[in-house]
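Subject: Structure handover

Dear colleague,

Please find the structure below. My notes on it come after.

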There are 2 protein chains.
Amino acid sequence: MNRFLSRRNRLRELLSSEKGIVVFIGNVESAAQYRDNGYKWRQDSNWLYYFGIDEPRFAAVLDLESGAETVYADDFGIDDIIWMGPMPSVASLAAGAGVSSSAPYAGFGDAVRAALAAGRKVHFLPMSRWYNAVLLGGLLGVAPGELFSVGKKGCPLASEPLVRAVVQMRLVKDADEIALLDAAAELGYRMHTVARKGIRLGRVEQEIVGEMEGAVLAAGWGVSFATILTQHGEIFHCHSHEAQVEPGRLLLVDAGAESNAHYASDHTRTYPTTGKFSPRQRDIYQIVYECNELAFDMVRPGVPYRDCHLAAVRHMLDSLGQLGIVKGDVDEMVADGIGGLFMPHGLGHNMGLDVHDMEDLGENLVGYDDDQTRSPQLGLGSLRMARRLVPGNVITDEPGIYFIPALIAQWKAEGVDGGRVRYDKLEEYLDFGGIRLEDDVLVTPDGARRLGSRRLPIAPSDVEAAMAED
Amino acid sequence: MNRFLSRRNRLRELLSSEKGIVVFIGNVESAAQYRDNGYKWRQDSNWLYYFGIDEPRFAAVLDLESGAETVYADDFGIDDIIWMGPMPSVASLAAGAGVSSSAPYAGFGDAVRAALAAGRKVHFLPMSRWYNAVLLGGLLGVAPGELFSVGKKGCPLASEPLVRAVVQMRLVKDADEIALLDAAAELGYRMHTVARKGIRLGRVEQEIVGEMEGAVLAAGWGVSFATILTQHGEIFHCHSHEAQVEPGRLLLVDAGAESNAHYASDHTRTYPTTGKFSPRQRDIYQIVYECNELAFDMVRPGVPYRDCHLAAVRHMLDSLGQLGIVKGDVDEMVADGIGGLFMPHGLGHNMGLDVHDMEDLGENLVGYDDDQTRSPQLGLGSLRMARRLVPGNVITDEPGIYFIPALIAQWKAEGVDGGRVRYDKLEEYLDFGGIRLEDDVLVTPDGARRLGSRRLPIAPSDVEAAMAED
């Protein structure tokens, strides 16, 4: 059966106790400078998942009661053909998605208005882009800004049954998706290899970024998120690439590829700029590496990913204790959130069509089971994926240790560590930067495997050996 | 004096007969998949021109009566610093733009509301992005969709005096801008050279696109528009790159670089995939090349660029007549718009911070003098820049000849050519594709020069020689 039709049928089953209509709104082109000079075209991920039509300005209505499905879009006229070339008819694109009924784009608004006028429920997902929010907000009579997820809580106006059903489906990757994710991981491997080979003292970071992104563009859609390549690894989303590669630093490369089929990869490696770790760098690197391995070894169906996060943090604090940076009972430190000073982010997130899969649907509904509550602590509170794992989940495993001057100063001034942090020792690391090591992991029926056929060098000696060969 | 302050002072002079306030709204990050996974950050061009602050979520109000200027933005908190690193204070960024007063972002809305409540005029430019339109629309009480330029006419609700003043300024590039445009052209040269060297039979077009875009990303912001690299040159904005390079075809490469300073380049070259033009390809290529040269030779202050367009079209029709594809009086064919069948676009457009400079402000106000009216004809009607040239204008010179099967069929069926087209001959070219040749041109006090220090090979023999060496 058509892959998209069977997904919609499954969605309908999951929503069998609901009435009304479900609406899906594909993306339109997004302006970089102005309407006709757009960013690279990217379809909405939910649309791709349920319809697969990779063209702008499509929408669809599924009637939960009658079972009717209609795709709305406009066929090309002569001007469109001159500027953009011939396009298959909307009817044939819809047929490719297993939908037999299609109509002009304006019909979408008519259909939503008719449902509302008849007092029917209109199920929709939280919006991801402003144009879509303006369109739907106009139909529903609500401000566009109210149609997005707010922080981690999701969007109060969106249909929670629909969100839950979509999350349930997209969290578990099917065999087709796993093959596409493996292919994206191969692309990510190539991208990171270009990066590692490009590290030479004196180069401007941007030169390496260009080379690695070019390698992805040559074979895929592009990057799955803005490349992080920085000697300031302690800044999580550092997008400045103006610095020259300097001796004695660590270069953190957190980058992902998006394949032409729009599945993501997301890997992080951290390299000594001169090809050899200093003893101090190696000590910290070794801890992060062990946390990555330890978390991976725990991954199997039934284990809450939150437990993997906590186990990694526990090992990190234990090891930092041996370096004399923290002191005290390790379990108490974990419970009190001391790990947040060194790793103020979560161990990982879901990945699929989005690098943070379904983040727009609301992190708590995506990444938390109903019996889990989100921690208010720094670090654990940022954990995007806490759920009990099931086969087909795809998650990142990305522990890190960072020395963030502003955060250290704040903790010291506020005394929030309860005497566990040895600031005299810690302050020796204020110029260290940060280390993160990230792999993409598939939960299998009996454990886990990393995506892709090859793992980027990660053990400290393997990294040094690879850099010596480059 | 501060460059941005002097530009704002000049703007104020041009608006000296106006009252009220002028608002500028910088961009926010634009979602690719969801809010926190954005497209590459790109600031609004008008904001860059008048303030230069290359950070998201800034706005400003200029009071035309009191002379007061305030920049609105929020300083970073500890969470922002952890995720994005330290940022200079808003006050210091404002000072760098020559503005002494700054306030939190929410103050922008308060300032606009206060002006409206006092019955003052709020001057604003047409919007380019939906978020900005939602923000301003909310303050003004109008639907966001009404705040964009509609087609070529501009936005009826925006301030025409403000648009005219901005256009008057941005149309004439100052010495700093010319240096930045020359640098962007160098980047464009490098990008196109990578493309040409990458042409080999059997390669997938996307591989070449990735290499050339990587070269730009390594040294600049990225592409100034979505790269066109296609063996279907007859499709103007063909963004499909899935085809393999095949023998006997023409590969059209229309691509531009945006520098880190956000100035654009835009060049087109068309290559024989095997490195040698066939006689038929060479005939058509030679005509396009001559049109490009002829138009360039006409460029000087005082000449309406529309005249350059018409001269190029005249030469094209004359030459196509010699090939037996059209017949009849050339001047009559030009007047009747027969050129539109072969070149259904204009000769060129303004270029600067935007590749189609200020297209969002309304093409007619940007590209037409008050005593010029836009033609309804195909081709001439698409001419974006018709004005009498002045020194400091930067324009593209991009004639082309295309054989567009759908358009040829339409003209033949409708008989709109008045018997001038010899369809029997023309239909031999239905598999030809298209050729476009584009340079970036600066109008100088006594003529013109092409931007950048080197011209991409363009004469047919030079192209063949370069490809033989590659």
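This is a predicted model: local features need pLDDT of at least 70, side-chain atom pairs count only at pLDDT 80 or more; totals for chains, interfaces and linings use all residues.

Residues are numbered from 1 along each chain as its sequence is written, and chains are lettered from A and ligands numbered from 1 in the order in which they are written.

The chain pair

Two residues count as in contact if their C-beta atoms, placed from the backbone, lie within 7 Å.

The contact takes 55 residues from chain B and 55 residues from chain A. On the side of chain B that touches chain A, at least two residues each come from β2 (31–34), α3 (78–84), α6 (130–140), α9 (205–217) and α15 (405–414) of chain B. Helices (H or I, at least four residues) and strands (E, at least two) are DSSP runs, numbered from the N terminus. The largest share of that side, 9 residues, is supplied by α9(B). By class, the side of chain B that touches chain A has 30 nonpolar, 14 polar and 11 charged residues (Ala, Val, Leu, Ile, Met, Phe, Trp, Tyr, Cys and Pro count as nonpolar, Asp, Glu, Lys and Arg as charged, and the others, Gly among them, as polar).

Domains of chain A

Chain A is divided into domain 1 (3–171) and domain 2 (175–469), with bounds from an automatic or database domain assignment. Their centres, taken over C-alpha atoms, are separated by 34 Å. The contact between them takes 19 residues from domain 1 of chain A and 18 residues from domain 2 of chain A. On the domain 1 side, α2 and α7 (160–171) of chain A are the elements that give two or more residues, and α7(A) gives the most, with 6 residues. The residues of this side divide into 9 nonpolar, 4 polar and 6 charged.

A sheet in chain B

An open sheet of 3 strands in chain B has the order β9-β10-β12 with antiparallel pairing; two strands pair if DSSP finds at least two bridges between them. β9 (228–230) and β12 (267–272) of chain B stand at the edges, each with a single partner strand, so one side of each has no neighbour in the sheet. Between β9(B) and β10 (residues 250–255) of chain B there are 3 bridges. B:Thr230 has B:Leu252 as its bridge partner in β10(B).

Two backbone positions

A:Arg57 is not a glycine, yet has a positive phi of about 65 degrees. A:Arg57 is in the loop between α2 (45–50) and β4 (59–63) of chain A, and is partly exposed, with 15 other C-beta atoms within 10 Å. B:Met358, also not a glycine, has a positive phi of about 65 degrees. B:Met358 lies in the loop between α13 (339–342) and α14 (363–367) of chain B and counts as buried, with 28 C-beta neighbours inside 10 Å. A residue is buried if 20 or more other C-beta atoms lie within 10 Å of its own, exposed if 12 or fewer, and partly exposed in between, with C-beta atoms placed from the backbone.

Regards
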